Amino acid sequence: MGFVAVGFEGTSWVLGKVFGSSRSSTGGTSAPAPRGSSSSSPSAVASDAPSAVVQAFCQAINTHDLRHAWADLGGRNMVPSWEKFDAGFADTSAMSCLIGSVQGERVTFRIVATHYDRTTARFDAVYRVEDGVITSGTMKPA
């Protein structure tokens, strides 16, 4: 299974089969209407507690509300190009997250991404959440 590594503030983000295809995209950070958006206006996060924000991020991806995940919950802080973020989920049919621990602003959790071909990929991640938004993170294959 191939992976594409994308650097972000000294961390390596593994895209491609992490969340989707390994196709590349070009520049720009404006977010057009996402493919498969589940709602016209994003739902508010009930709490800005770090674990609630991470769960909301995972739920937004799981329901294919990628605009909300990228623009409102912090995806733009990890993958600054909308096109790369959107492309990264091209073959993701579902995603779940299991919170392991919360230490202040740091949330440690396991990601399970299911692809349309029914394969799954697991990753261990640590995200930092500030003021209700994911500001940075790391992840690696589990």
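Is Trp-82 buried or exposed, and what is its relative accessible area? I started my notes on this predicted model with that one. Trp-82 turned out to be buried, because its relative accessible area is 2%, under the 20% cut-off.

Next I looked at where Trp-82 sits.

**Rings.** I then turned to the aromatic pairs, and the structure holds 6 of them. For Trp-82 and Phe-85, I noted ring centres 6.3 Å apart and planes at 35°, so I wrote this pair down as tilted. Both residues belong to one aromatic cluster, which also takes in Phe-57, Trp-70, Phe-89, Phe-109 and Tyr-127.

**Core.** I followed Phe-85 into the largest nonpolar core, which has 28 residues. Phe-85 is among those with the most contacts inside this core, alongside Phe-57, Ile-61, Phe-109, Ile-111 and Tyr-127. I checked which elements give two or more residues to the core, and they include helix 2 (66–72), helix 4, strand 3 (92–103) and strand 5 (120–130). Helix 1 supplies the largest share, 7 residues.

His-115 counts as buried at 1% relative accessibility. What does its side chain meet there? I found a polar contact of 3.1 Å between the side chains of His-115 and Asp-91.

Definitions and conventions: Residues are numbered from 1 along each chain as its sequence is written. This is a predicted model: local features need pLDDT of at least 70, side-chain atom pairs count only at pLDDT 80 or more; totals for chains, interfaces and linings use all residues. Side-chain values use heavy atoms; hydrogens and water are left out. Buried means under 20% relative accessible area, exposed over 50%, partly exposed in between (1.4 Å probe, protein chains only). A polar contact is a pair of N or O atoms within 3.5 Å; within protein, one must be able to donate a hydrogen and the other to accept it, and residues adjacent in sequence count only if both atoms are side-chain atoms. Rings of Phe, Tyr and Trp (its six-membered ring) pair if their centres lie within 6.5 Å; planes under 30 degrees apart count as stacked, over 60 as edge-to-face and the rest as tilted. A nonpolar core is a set of buried Ala, Val, Leu, Ile, Met, Phe, Trp, Tyr and Cys residues joined through side-chain atoms within 4.5 Å. Helices (H or I, at least four residues) and strands (E, at least two) are DSSP runs, numbered from the N terminus.
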